[in-house]
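Subject: Aromatic rings in a structure for your review

Dear colleague,

Please find below the structure that I am handing over to you.

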Amino acid sequence: MTEFTPLRHIPDANVFRKGDVFVLFGELFGRGYVNGLIDEARKAGMTIVGITVGRRDESGALRALTAEEHAEAEEKLGGTIINVPLMAGFDMDAPDGEQNPTELLADVKLKTWQDDKLDWAKIERCREAGVRRFTTSAAQAMAEIDKLIPDGANVFFAHTMAGGIPKIKAFLAIANRIYKGRGERFESSRALLDSDLGKLILMNFDEVTANTLKYLIDASSAIRERVSKAGGEVRYTAYGYHGTEILIGGEYVWQTYTNYTQGYAKMRLESIAEAAWKAGVYATVFNCPEIRTNSSDIFVGVELSLFPLLTALKKEGGGAWAEQQWQICQDLLGEGTSLQSLLDKIEQYNNDATSAHFRNFEAWPMDNTPALADVMIGTSEEITGLHKDKKALITDHLSSLVLEGAGPLMFHGASEKIAPVLWLSHDIIARQLNELHK
């Protein structure tokens, strides 16, 4: 378990300037955390370089981008994309003539998934094939990126790879029960983790979310050596999640979304950064606050911890701009609902004995329970129902604010070389936002 190391000051160090190179190790698809980092890199005048995860053809084989897809991806990024497919994970990999894990799981049914067994020797061969494919492609991509880094330039590598759920029909129904189910529809997250299906998913999460940081650090060693010899600096960042401090009862208190199945992989990610740091490679995992994204929407209730950011903005001296954010959020609520009454409901939820039980940093990530599902999913549904329009939620606005605040904290925090793992809690996010909008 990583020691809790929250960032408590706004970093202002910056080693990056015009002509330096920002490398996005992960493909940019929609609006997410990395946009804030790219904005900072662009402000500093850095050259933007990215990679692609590639695409699958009709047979499931991985391929490079077509000319049209490549042009579209480069326009979206605003930079050069190295067209070597870097799809992480091994769920679609297998030695020649063998079935891949997705095919091995094709017959998993909702009634039998807890008892279905996998051949672990076969799975291990698939994992080895996937790692071999990925590391070979990573070396190829880095050789191309090396050509784009001028002598005397500094380099910023931003790792953004995460996920790893195999595409099997039954899993969506299983996930809906674990992350959205209440009462008779509730399913235990422990049941998933104890099943062969769950064990495979955890292995694939490790490969996608965590081990790819190690593969990146290894594949870029020649770049690092060349840049360092010329007196340049190299930094690596990655996106973590390990709970967040939010305001509860007027104090910043660590809390988390439960059950965060990817938590095991996020802890592995932290350990990879810690090992790199000890070896003199400056890699920092920034544990970011909960936000709403396309991929997080399956986790009903993850958004509840966003609301106290509004109170943090005022507590950290936000003044008129903070008042403006309150008004924007008030305007999204239905007739007769005050923003303060909504925040009171969140405070009540956070002080509920069931919710409080899960604020156990040492035991993270804890398993879900029927009682937690009742209070968390119930509160989430009640609060969503208070909005004028369920497609225009306060948590969308607050998510965009968190993204805006996290970008400069990560960019300058990486420059400053503070620690291998840092938490960006609501206090520092609020202070950064207030500073940006003075």
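The notes that follow concern aromatic rings and the charges over them.

This is a predicted model, in which local features need pLDDT of at least 70 and side-chain atom pairs count only at pLDDT 80 or more, while totals for chains, interfaces and linings use all residues. Residues are numbered from 1 along each chain as its sequence is written, and side-chain values use heavy atoms, with hydrogens and water left out.

The structure holds 19 aromatic pairs (rings of Phe, Tyr and Trp, the last by its six-membered ring, with centres within 6.5 Å; planes under 30 degrees apart count as stacked, over 60 as edge-to-face and the rest as tilted). One of them is the tilted pair of Phe134 and Tyr215, with 5.8 Å from centre to centre and 50 degrees between the planes. This pair links helix α4 (residues 120–147), which holds Phe134, to helix α7 (residues 196–219), which holds Tyr215, across 81 residues (helices are DSSP runs of H or I with at least four residues, strands runs of E with at least two, numbered from the N terminus). Phe134 and Tyr215 are both buried (under 20% relative accessible area, with a 1.4 Å probe and protein chains only).

The ring centres of Trp254 and Phe361 are 5.2 Å apart and their planes stand at 85 degrees, so this pair is edge-to-face. Both residues, Trp254 and Phe361, are buried.

Ring pairs also join Tyr179, Tyr241, Tyr257, Tyr260, Phe299 and Trp364 into a cluster.

Finally, Lys314 lies over the face of Trp326, 3.6 Å from the ring centre (a charge sits over a ring if NZ of Lys or CZ of Arg is within 6 Å of the ring centre and within 35 degrees of the ring normal).

Yours sincerely

Note on methods: Buried means under 20% relative accessible area, exposed over 50%, partly exposed in between (1.4 Å probe, protein chains only).
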